[in-house]
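Visitor: I am new to this structure and would like to learn how to read it. Could you take me through it step by step?

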There are 2 protein chains.
Amino acid sequence: MSSHPSDTDNEKLEQLVSLMRGLGTRTVLYQQNVAASLGLYDNDLKSVDILRETGPITAGELSKITGLATGSITALVDRLEKVGYVRRQNDPHDRRRVIIVPQYEHKEEVSGTYRPLHTAMIELASTYSGEELELITAFIGKASAIMEQQIRSLHAERGKTSS
Amino acid sequence: MSSHPSDTDNEKLEQLVSLMRGLGTRTVLYQQNVAASLGLYDNDLKSVDILRETGPITAGELSKITGLATGSITALVDRLEKVGYVRRQNDPHDRRRVIIVPQYEHKEEVSGTYRPLHTAMIELASTYSGEELELITAFIGKASAIMEQQIRSLHAERGKTSS
């Protein structure tokens, strides 16, 4: 590609970004439908997903990652503990800290609900060569890092205006 | 790729799908933070986004796409109309139908909130060649179609069990 992108190049860039946004909207709606199917609140499901990635963390850490207020996190963990999705326990490395331990793996209904999406995505991925997969995987990883950065900066912005 | 994928191939597939899931979680959290920044409910923002894609549609159509119950849609459109994000009007092609018209473009704060993400994504996309962009764009389009299919099927499942 030349250093002065042509109109066609710009169109291609905008097309990809617009499709990414469309994928984002559908992802949000999908999660909402999964939550409804499991009888969970939207935000509760996101936190279950975060814990699945991070492993046991404190309420404060969960608040930072999700952008939810600490008070909302307490209520959320109460709800999730009640239905057996997480449990609170003392941090074995520091008894003064309480960590939230995901019990995701015990919930067959959760993995069952996600399974059709997982299967369909594996099928789609299987249609690509190893080299193509690497390119796409790197792109998704970078897009994910951008998202994290954007969440942090929106969260920080709100902290500024509310103080 | 051979017709019998090796363990390495399977690892690559699982890695991509797992990264897609991570991107999904971050997208959901991002949207939640955007909603909080704009003082909107989560679901309300999703519907604004849907309307931005579809253009004017009826409450029934919006209910089908979002998976939200018709009653929730009525309350949602009331809230969005109050803050000037949408307006209800009679369908010019069929006066008996009421359609919801997005007024998204009037909301500078909405586009302003999304702008940093858009800029960062365009920058990321600019690092790829035209050919690579086409490959990635096609993948994102297909992943998006899978999501739509999954939303429809979760929605249909719930319809079955609740009847």
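Visitor: Which residue stands opposite Gln89(A) in β3(A)?

Guide: Gln89(A) has Ile99(A) across from it in β3(A). This is a predicted model, in which local features need pLDDT of at least 70 and side-chain atom pairs count only at pLDDT 80 or more, while totals for chains, interfaces and linings use all residues. Residues are numbered from 1 along each chain as its sequence is written, chains are lettered from A and ligands numbered from 1 in the order in which they are written, and side-chain values use heavy atoms, with hydrogens and water left out.

Visitor: How many bridges join β2(A) to β3(A)?

Guide: There are six, and the two strands run antiparallel. Strands (E, at least two residues) and helices (H or I, at least four) are DSSP runs, numbered from the N terminus, and two strands pair if DSSP finds at least two bridges between them. Val86(A) is another residue to look for, standing opposite Pro102(A) in β3(A). A hairpin links β2(A) and β3(A) through two residues.

Visitor: What is the strand order in the sheet of chain A?

Guide: The order is β1-β3-β2, in an open sheet of three strands with antiparallel pairing. At the edges are β1 and β2 of chain A, each of which pairs on one side only. Strand β1 (residues 57-58) of chain A pairs with strand β3 (residues 94-102) of chain A over two bridges. Thr58(A) has Ile99(A) as its bridge partner in β3(A).

Visitor: And how do I read the sheet in chain B?

Guide: In chain B, an open sheet of three strands has the order β1-β3-β2, with antiparallel pairing. β1 (57-58) and β2 (86-91) of chain B are at the edges with a single partner strand each, so one side of each is left without a neighbour in the sheet. Between β2(B) and β3(B) there are six bridges, and Arg87(B) stands opposite Val101(B) in β3(B). β1(B) is joined to β3(B) by two bridges, with Ile57(B) opposite Ile100(B).

Visitor: How should I look at charged pairs?

Guide: Side chains of opposite charge can pair when their charged atoms come close. The rule for a salt bridge is a side-chain nitrogen of Lys or Arg within 4 Å of a carboxyl oxygen of Asp or Glu. Over all chains the count comes to 18 salt bridges. One of them is between Asp78(A) and Arg88(A), whose closest N and O atoms are 3.0 Å apart. That pair links distant parts of the chain, with Asp78(A) in helix α4 (residues 70-82) of chain A and Arg88(A) in strand β2 (residues 86-91) of chain A, ten residues apart.

Visitor: How many salt bridges are counted between chain B and chain A?

Guide: Eight are counted between these chains. For an example, find Lys12(B) and Glu134(A), whose side chains meet at 3.0 Å, N to O.

Visitor: How do I judge the interface as a whole?

Guide: The size of an interface is often given as the accessible area lost when the parts come together. Here the area buried between chain B and chain A (accessible area lost to a 1.4 Å probe, summed over both) is about 7,400 Å², with carbon and sulfur atoms giving 71%. In chain B, Arg21(B), Arg26(B) and Met147(B) lose the most area to chain A, together 9% of what that side buries. Counting contacts (heavy atoms within 4.5 Å), 72 residues of chain B touch 72 residues of chain A.

Visitor: Why can one say that the copies meet through the same surface?

Guide: Because 100% of the interface residues of chain B are also interface residues in chain A.

Visitor: How are the two copies placed?

Guide: Two copies of a chain are related by a rotation about an axis and a shift along it. Here a rotation of 180 degrees with 0.0 Å of shift along its axis superposes chain B on chain A, with an RMSD of 0.0 Å. The two copies are thus related as by a two-fold rotation axis. The superposition is by least squares on the C-alpha atoms of residues with pLDDT of at least 70 in both. To find the axis, look for Val28(B), which comes closest to it of the residues of chain B, at 2.6 Å (C-alpha).

Definitions and conventions
Buried area is the accessible area (1.4 Å probe) that two parts lose on being put together, summed over both.
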